[in-house]
Amino acid sequence: MSDDDEKVDLDAAEAELAGWGDALEEQGVDGSAPMEDFTGSEGDGEEISLDVVLDVPVSLAMEVGSTMITIRNLLQLTQGSVVELDRLAGETLDVRANGTLIAHGEVVVVNEKFGIRVLDVITPEERIRKIKK
């Protein structure tokens with residue numbers, strides 16, 4: 001299989017998803033489900049529970065800021081080099097779970113270790129809005 005075969009036409013995929021959304025909307029389905037829909041009982045009377053996923057590990061990262069530099073400048077970094085980031089001092093940090101922005105926070109010190117105080121949590125609706133942009 002060549003690289004061209006593996007490429008996905010994002011416009012076509014987006015159009016396909018939009019078509020599904022329109023079809024669901026026509027049938028009166030809004031595409032969201034309340035959390036209680038995921039904890040109930042199956043047809044055979046067996047209870048379904050979210051407890052099975054509560055112990056799945058998630059990678060949590062705090063992003064102070066980012067920047068773009070050339071490979072030349074990257075290779076010239078030495079001890080003591082300063083890299084300017086795209087955030088202002090005192091600005092909130094991004095809290096990411098498996099690479100997805102889930103909250104904003106600020107740095108705190110707890111028992112001589114760094115920590116994060118969560119200031120606001122990104123709602124699922126806000127995450128979806130950012131994906132659609």
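The structure is a predicted model. Strand 2, residues 93–97, pairs with strand 1 through four bridges and with strand 3 through five bridges. Four of the five residues of strand 2 are buried, so this strand is largely enclosed by the rest of the structure.

**Strand pairing**

- Strand 1 and strand 2 run antiparallel, and M62 stands opposite V95 of strand 2.
- Strand 3 covers residues 100–110 and runs antiparallel to strand 2.
- Strands 2 and 3 form a hairpin with two residues between them. In the turn, N98 has a positive phi of about 50°.

**Residue D94**

- D94 lies in strand 2, where H104 of strand 3 stands opposite D94.
- The relative accessibility of D94 is 8%, so D94 counts as buried, the cut-off being under 20%.
- A polar contact of 3.4 Å links the side chains of D94 and H104.
- Leaving aside residues up to four places away in sequence, D94 touches A61, M62, E63, R87, L101, A103 and H104.

**Nonpolar surface patch**

- On the surface, V64, I69, L74, L77, V83 and L85 form a nonpolar patch. Together these residues have about 470 Å² of accessible area.
- I69, one of the patch residues, is located in the loop between strand 1 (60–63) and helix 3 (71–75).
- With a relative accessible area of 41%, I69 is partly exposed.

Technical notes:
Residues are numbered from 1 along each chain as its sequence is written. This is a predicted model: local features need pLDDT of at least 70, side-chain atom pairs count only at pLDDT 80 or more; totals for chains, interfaces and linings use all residues. Side-chain values use heavy atoms; hydrogens and water are left out. Patches are made of residues with over 30% relative accessible area and no salt bridge: like charges are joined within 9 Å, nonpolar side chains (Val, Leu, Ile, Met, Phe, Trp, Tyr) within 5 Å. Accessible areas come from the Shrake-Rupley method with a 1.4 Å probe; for residues, only the protein chains shown count as cover. A salt bridge is a side-chain nitrogen of Lys or Arg within 4 Å of a carboxyl oxygen of Asp or Glu. Buried means under 20% relative accessible area, exposed over 50%, partly exposed in between (1.4 Å probe, protein chains only). Two strands pair if DSSP finds at least two bridges between them. A polar contact is a pair of N or O atoms within 3.5 Å; within protein, one must be able to donate a hydrogen and the other to accept it, and residues adjacent in sequence count only if both atoms are side-chain atoms. Contact means heavy atoms within 4.5 Å.
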